[in-house]
2 protein chains.
Amino acid sequence: MRLTRPPTGDPLEPKAGRDTVRRHNLSLVLRAVRDAVEITRAGVSARVGLTRAAISSLVEQLLESGFLSESGKTFSGQAGRPGTVLKVARTGVAGLGVEINVDYVSVCVVDLAGTDRVRLVEHLDNRGTPPAVVLHRAAGIAARALASAAEQDLRPVGAALALPGLVSSGTVREAPNLGWSRVVAEAPFAAALAALRPGLPDLPVRSENEANLAALAELWFGDLRSVRTFLYLTGEIGVGGALVLDGELLRGAHGFAGEIGHVVVASDGPDCRCGSRGCLEQYAGQSALLRAAGLDGPTGATGVAELERRARAGDDRALRAIGGAGLMLGRVLAGAVNLFDPAVVVLGGIYRPLAPWLVPAAAGELATRVVSGLWPETGDRLRPASAAADAARGAAARVVQDILTDPLAYGTRAGQCG
Amino acid sequence: MRLTRPPTGDPLEPKAGRDTVRRHNLSLVLRAVRDAVEITRAGVSARVGLTRAAISSLVEQLLESGFLSESGKTFSGQAGRPGTVLKVARTGVAGLGVEINVDYVSVCVVDLAGTDRVRLVEHLDNRGTPPAVVLHRAAGIAARALASAAEQDLRPVGAALALPGLVSSGTVREAPNLGWSRVVAEAPFAAALAALRPGLPDLPVRSENEANLAALAELWFGDLRSVRTFLYLTGEIGVGGALVLDGELLRGAHGFAGEIGHVVVASDGPDCRCGSRGCLEQYAGQSALLRAAGLDGPTGATGVAELERRARAGDDRALRAIGGAGLMLGRVLAGAVNLFDPAVVVLGGIYRPLAPWLVPAAAGELATRVVSGLWPETGDRLRPASAAADAARGAAARVVQDILTDPLAYGTRAGQCG
């Protein structure tokens, strides 16, 4: 990911060395408070390993810049006399996440604690619309979410775009289901958003594959607990994927790893928008699923909700459609597990509500075809994604992560527009 | 990987702290000399960032323990007056690698510089033979290689086993083509080797998947140069695979990553020894290839050499067999590239001699099915493995890497049996 505008100060400014150390220590303190939820200065000192005096000075600066807040409570921890309780601020600096998918745009504002504070989802068909128009629409939705955030005294200082395709250096190389090829996304979105917010500071914008950001959301906010190595699948119009290895996204040589939707299921299967044939997406993507279930009318979220309703009611055609998709999913997942050996596989997007029927259908293939014999037919190694984790939240949280890494870079901006 | 006997000293010995720092510095100096090939003490000082006095003391100890040698040459580098040239010792401490595969055992002794100094390959059928007998045979071959090494004044101080299966904590969980399941390999091999070398110190033995070690050999000794993220395939009776990410083996959650031979090509294809059906191995493994070419008589290396000869002569059936295997290989590789996004794919084992015909057959599938469009039909992103890199050499070099990481642990042993 790349920032359209670097948020750091002038690299030629004097005392860069001492300034760098202080910025790093501010980040250490801020993250210590965030991780602890509630903590005293003495507690921070014990965690971070700096003197009480140094911590006090750093905390003062973070309080003044609005990153921390002090509660009236006092708290007697293990280290020293009772002290005032520190928390990360629940107002002020925040992150903006914008997922632009094929049939919806989802916008999320996340505060410094990682809490999802504003959510705005609009269902619309982005296929066949010029990319510039889609980005402009998304900026409009983002501007409305920013207005809601302002009502809560939240002021996002950066944005991340989640896009269903191969994203590298701010450019969408290919997003077959959107029909995008070599589309520059960050700068036009930033410009459109700036035009909608005259007088307010521009937001630096970064972009990333949506499955990658959904996987990070699962890692940060989901129910995985100690699991740090997993494969994440997200079913939408396309089927996206992401690999997380020891808590880090596996990006590959060009940043394009995780494209499980285009693994071949049947070499002579239906043509895929990617130019190949018989890709998983042609069997387990949203359109294929709805078509197989005879749901040609309702599309998008409405169609998936109807499919889930029918499956719950025991509708034979719906159950066969999901079962067929689950079988193909299991076959491709078995290969992916043989290659990558994840601890668990997480099913997100439309697979989450359909998991009660998809998981059993995929389980047999996994049990038979995973060579380690480590994939028993029962258990929770194939599981639905957490409700609280999606790509828009992952995108917003990615911005918050940037803030926590170098608060001063955003604190200055906070001062400008406070 | 795990050592059957830890090579480090008594953890309760006094001055552990200072001792640890010195051990670390000895390793820094030894690796600096190895990387530089030829270097003076001043050069080492400049590279490592320790004082000349400290470097001299460390170099003395490494010379006395036989890890370094001094040449008569003097060399005027950038730092200070001309000095004597240091090199890693080409005699004494070395590593032993033993690849036990389905139809051969290959043993290799590598010196501290990484040079392959002894090689002994015996072709024999290890299928249907009890694991204890196979391990005993392999120990006999290793003992003969050790005798050859002694002729060159080389004294391996540790051994690594390369095994065609899922290896974890010294146990082969599954090696379908050997017919092994839950076989403890390290201890019986170590015991058999010790019995053949009475009076000599026991060698600590570790074990690892053979494709992983072949991939490391390619990384360390092959022609990849700056490529640090690649997928390695090795065609034998089975088809093994390894993923290298930024110069490190990707092991997955249980150490079983890279099993590309058991990715499904055709869900209803021939039964595979792993319990699944239609695995890549059933189309592109050695037996399948020879059978498709009508080579039912000659097996193993003889059969592959005959297949290569016939392909070179333009024999239609041989070319069709290799072309068919290449097509299936390309299909599975396209999926693996979509998932992992390697910079290159390396074909080792029997695929190396067959690459002139396999690569063009696989290229079309890769060009069509890799979603990034980053896999052009021509180019060298799919390439044969280097001749100098194989699993036995990787295994021996893995031992040398251990020595370089903590020379003192092996230096003591060197003293015991010098």
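Q: Which residues does B:V98 touch, not counting residues up to four places away in sequence?

A: In this predicted model, B:V98 touches B:V105, B:V107, B:A138, B:A142, B:A159, B:L161, B:A162, B:A392 and B:A395. These count as contacts because the C-beta atoms of two touching residues lie within 7 Å.

Q: What makes A:V98 and B:V98 stand out in the largest nonpolar core?

A: The largest nonpolar core has 280 residues, and A:V98 and B:V98 are those with the most contacts inside it. In soluble globular proteins, nonpolar side chains tend to be buried together.

Q: Why is α6(A) called roughly perpendicular to α12(A)?

A: Helix α6 (residues 210-221) of chain A and helix α12 (residues 391-405) of chain A pack at an angle of about 75 degrees, with their axes 7 Å apart. Angles of 65 to 115 degrees count as roughly perpendicular, and α6(A) is therefore roughly perpendicular to α12(A).

Q: Which residues make this contact, and how do they divide into nonpolar, polar and charged?

A: The residues from α6(A) include A:L213, A:W220 and A:F221, while those from α12(A) include A:A391, A:G394 and A:R398. The residues of the contact of α6(A) with α12(A) divide into 9 nonpolar, 1 polar and 3 charged; A:G394, one of the residues of this contact, is counted as polar because Gly is placed in that group.

Q: How many residues does each chain give to the contact between chain A and chain B, and what gives the most on the side of chain A?

A: The contact takes 37 residues from chain A and 37 residues from chain B. On the side of chain A that touches chain B, α10(A) gives the most, with 7 residues, and the residues of that side divide into 18 nonpolar, 13 polar and 6 charged.

Notes. Residues numbered from 1 in each chain as written. Chains lettered and ligands numbered in written order. Predicted model: local features only at pLDDT ≥ 70, side-chain atom pairs only at ≥ 80, totals over all residues. Core = buried A, V, L, I, M, F, W, Y, C linked by C-beta atoms within 7 Å. Buried ≥ 20, exposed ≤ 12 C-beta atoms within 10 Å, placed from the backbone. Axes fitted to C-alpha atoms, helices over the stretch in contact; angles between N-to-C directions. Helix = DSSP H or I, 4+ residues; strand = E, 2+ residues; numbered from the N terminus. Parallel < 35°, antiparallel > 145°, perpendicular 65-115°, else oblique.
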